[in-house]
Amino acid sequence: TCSRIHGVARPSSWKRAHDELLLLERRVFAGGEHVMHAMEEWETLRGHEERVWNLAWSPDGSILASCGQDKTVRLWRRGPGPQGWICFAVLEDAHGRSVRSCAWSNDGNVLATASFDATITIWERKGEEWELATTLEGHESEVKGVAFSASGTYLASCSRDKTVWIWESHAELDYDCVDVKQEHSQDVKSVIWHPHEDVLVSCSYDNTLRVWAEELDADEWECLQVLNKKLDAHKSTVWTASFDRTGKRMVSCSEDSSIAVWECQEQSGRGVWNAACVVCEAHGRPIYSIDWSKTTGAIATGSADDSIKLFQWEGNQLKELCARTNAHQSDVNCVCWHPQDPTVLASCSDDGSIKIWKCHL
């Protein structure tokens, strides 16, 4: 069953205040007081020459990695004093086509990048420098996503070739492919690890999500469950998903502009997952990115309608907190919560920019 979120009427004077402050706010009456939720544009980062595909914060939040169509990866951090955010490193000459995805290891010393050139590059921090440690090959087509497991034991990748690869990490940044899963019938858009277990979720153009884990008495990985098999949540491509801090819930987004919240019926991520809530037409166009904050529990979405929205899971429902229309001048490809500062959200777009937002929740 789809639930729809309706806007809140705003007086014209309030709208004028929004225009002057460059904020879009929603006032929610709670406990007899008006609670104001808002997004404020903090800074715009420029440097990529073409669209920016993906963002990833280092585990401690000190570095923001960005990657894009210009075949580069840029590393950003806060400059001293009033300088704001600065690009302190550009990782280039490793990929021959767009860099579609980037992901950090748990210790923040390794960065993996996935490219349309069908390869994955592993970068290693050496003091203040970053070195290309190794290149992983095997996919037959564009690599769309890459992610490290919470344990640090595994790296997952997915591709337009319809496969999900599981790589095992060894000493000296040596990676072996331990399994290749071919159950998806179409392009696999993204891979997401459970925050506490070696349980993997893949999202695909075939409209499904698949939950994977290593077989308990074997070296192979098995598909534990296919979500959305009957199109009960999404009616089109599932672009990506994100777990909450507990790993007991997960939220996914789709080409059909819907958002779905999934709940696990057991303590382990290996349990049965069911759709708990679906919001149809959460945006006016496809939703490409979704991120569930591990600090506040707020959910951010980025869409092809150029907007960003914030939601909260409350009372078994998704409640819209605020929306920022025209957040970028084109499609919003990624939204990413800061892992330490609950007020900071990063976004990137086809317009070539990265934006840092201050969120008042």
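In the hairpin of strand 21 and strand 22, with 4 residues between the strands, serine 257 has a positive phi near 75 degrees. Strands here are DSSP runs of E, at least two residues long, numbered from the N terminus. This is a predicted model: local features need pLDDT of at least 70, side-chain atom pairs count only at pLDDT 80 or more, and totals for chains, interfaces and linings use all residues. Residues are numbered from 1 along each chain as its sequence is written, and side-chain values use heavy atoms, leaving out hydrogens and water.

**Strand 21 and its partners**

- Strand 20 (residues 238–243) runs antiparallel to strand 21, joined to it by 5 bridges; two strands pair if DSSP finds at least two bridges between them.
- Strand 22 (residues 259–264) also pairs with strand 21 in the antiparallel sense, over 5 bridges.
- Cysteine 253 in strand 21 stands opposite threonine 240 and opposite isoleucine 259 in strand 22.
- The hairpin of strand 20 and strand 21 has 5 residues between the strands, and there glycine 247 takes a positive phi near 80 degrees.

**Alanine 133**

- Alanine 133 belongs to strand 11 (residues 129–136).
- Beyond its neighbours within four places in sequence, alanine 133 is in contact with Ile122, Trp123, Glu124 and Leu173 (heavy atoms within 4.5 Å).
- Threonine 121 is 12 residues away along the chain, and its C-alpha atom is separated from that of alanine 133 by 7.7 Å.
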